[in-house]
Amino acid sequence: MSKTRYKNQKESNEAIAKAYIENNYTNSQNKLLLVSKANYGKRSSNVCYSAVDDKGMNFYEFNNNAEQNLMLIERYEWADFSSVTIDHSIAKSVFTFVGHGENRDITIEVKGKEVEQVIRNHSSMEVNVVKRPVWTKVLGYRSQTTWKMFMASTVYTLILLFILHPLLPAATHNFIMGLALLILFLSIIGLFVGLIKPKWVLPKFKIKTRKRVLFSYLYLIISCFFIAVAFTDGQSTSTPASTQVSSSQNSVTVSSKKDGADSSKQKVEKNDSDKTAKEEKRQKAEEQAVKEEAKQKAEEQAAKEEAKRKAEEQAAKEEAKQKAEEQAAKEKAEQKAQEQAAKEEAERKAQEQAAKEEAERKAEEQAAKQEAERKAQQQAASQQSTPSSSTSNSGNYKPFENDPSDDQQSNMSCSGQIKGNKNSKIYHVPGGAYYDRTQDNIVWFCSEADAQAAGYRKSQR
């Protein structure tokens, strides 16, 4: 926003900032809810303004001497933070945003409760409002600094004394002055004793130090001194009035003196009753103050216990979360170990299966080799025994081969009982499993010796 836009207009900086921010949000998808003056901490020395919308917060730096009065310096999204702690006072509110990264402390002037309501309505953040006693929000007590509270207490006491002095009747001035002098004397004694043993004169204070003794009893001494001086002056001013009344009473007759004495007596009785009523009222006020203080302490204790309980719950949640993560990591590690073991077991079984198959293959090769050797030996033996078997069988050494479709015996000089398969070179004896099943390519032999001599081997079944 240029300076020339407001050159001839007497607008405040806040009005200029608000107009610029509203113009900036014209084309934005976010809905502008409010604009407030803000303190951006040490990040900027110039005046800053916050623009709060439904999704976050923009921060603008205001520079009246620049060509562009406002400049966007940072934006916070509600979704980037998990919780916010809000400390409200009379003139400002301090927001502490807690997220995944660095925490953010922002001070919003005047409109702190409105910003809190926006956060509650438009975000999922956990909102924690600091519960502070009413007196801590008063000017001078907000920082909880000892010397500031001492000065504020002294000033407030003088103001209260200035207001109450003309309101209280003159008859109570002597009593108030005497009470103030008594408290002044006791405070001086307490100050000297407390500088030696602070805990003797600070029974209800949590922090019992000489510094606390000095400020507390010095405040009592100064306050009681001013009260005594103020009400002494009041008593001195009332004395001439009583003298004038006495002189006027001496100028009347004896009967008027008697009536005046009775009237004076009635006034004294009335003053005594007024004193009693005020004393009772003061006692009731003190009792009420004690009750309020006890109530305030109870609320503070409850707030502390609530904060402690929340802290314990948070710690328990974090511990449970940590245990759950550890358990998940442990289960994942066990699962990986089981998968690795299963993989190794599968590899081992595969190796065993391969070794077993290799052994079977070698055994089959060995058996085939032995079978070939045996066949060669049988062939050699059959060649040697052919002349003798042919002689014993009267020249019938050649087996009879049937028609491939005929499994019956025919045209043989002997009753053949041995059935051979010409293709497989396997012979079957009667009663064998494949004896009756063999019906094609049949060769008949008179004996097993003839079949073996012809190069056939016996069926294993």
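Okay, one definition before anything else: partly exposed means a relative accessible area between the two cut-offs, with buried under 20% and exposed over 50%. Glu77, at 30% relative accessibility, therefore counts as partly exposed. And please keep in mind that this is a predicted model.

So let's stay with Glu77 for a moment. Its side chain meets that of Arg75 in a salt bridge, 2.7 Å from N to O. Arg75 is partly exposed too, with a relative accessible area of 25%. What else is linked with Arg75 and Glu77 in a network of salt bridges? That would be Asp53.

Now look at Tyr76. This residue lies in strand S4, residues 70-77. Is Tyr76 buried or exposed? Its relative accessible area is 4%, so Tyr76 is buried. As a general point, side chains in a regular strand alternate between the two faces of the sheet. One more thing on Tyr76: go 17 residues away in sequence and you get Phe59, with the two C-alpha atoms 8.4 Å apart in space.

Moving along to the next strands. S5 covers residues 81-88 and S6 covers 92-99, and they pair in the antiparallel sense over seven bridges. Together they make a hairpin, with three residues between them. Ser83, for instance, has Glu126 in S8 as its bridge partner.

Take H7, which is residues 254-392, where Arg348 and Glu352 sit four residues apart, about one turn of the helix. Their side chains meet at 2.3 Å, N to O, in a salt bridge. Arg348 is at 36% relative accessibility, so it counts as partly exposed, and Glu352 at 44% does as well.

Also in H7, Arg361 and Glu358 are three residues apart, again about one turn. They form a salt bridge as well, at 2.3 Å from N to O. Arg361 is partly exposed at 38%, and Glu358 is partly exposed at 31%.

Last stop, the surface. Which residues form a positive patch there? Lys197, Lys199, Lys208 and Arg210. Lys199 has its place in helix H5, residues 198-201. With 55% relative accessibility, Lys199 counts as exposed.

Okay, that's my tour. Over to you.

Terms used: Residues numbered from 1 in each chain as written. Predicted model: local features only at pLDDT ≥ 70, side-chain atom pairs only at ≥ 80, totals over all residues. Heavy atoms only, no water. Patch = residues over 30% accessible without salt bridge, like charges linked within 9 Å, V, L, I, M, F, W, Y side chains within 5 Å. Areas by Shrake-Rupley, 256 points an atom, 1.4 Å probe, with all protein chains shown as cover. Salt bridge = Lys/Arg side-chain N within 4 Å of Asp/Glu carboxyl O. Lys, Arg positive; Asp, Glu negative; His and termini not counted. Charge placed at Lys NZ, Arg CZ, Asp CG, Glu CD. Helix = DSSP H or I, 4+ residues; strand = E, 2+ residues; numbered from the N terminus. Buried < 20%, exposed > 50% of the residue type's maximum accessible area, 1.4 Å probe, protein only. Pairing = 2+ DSSP bridges.
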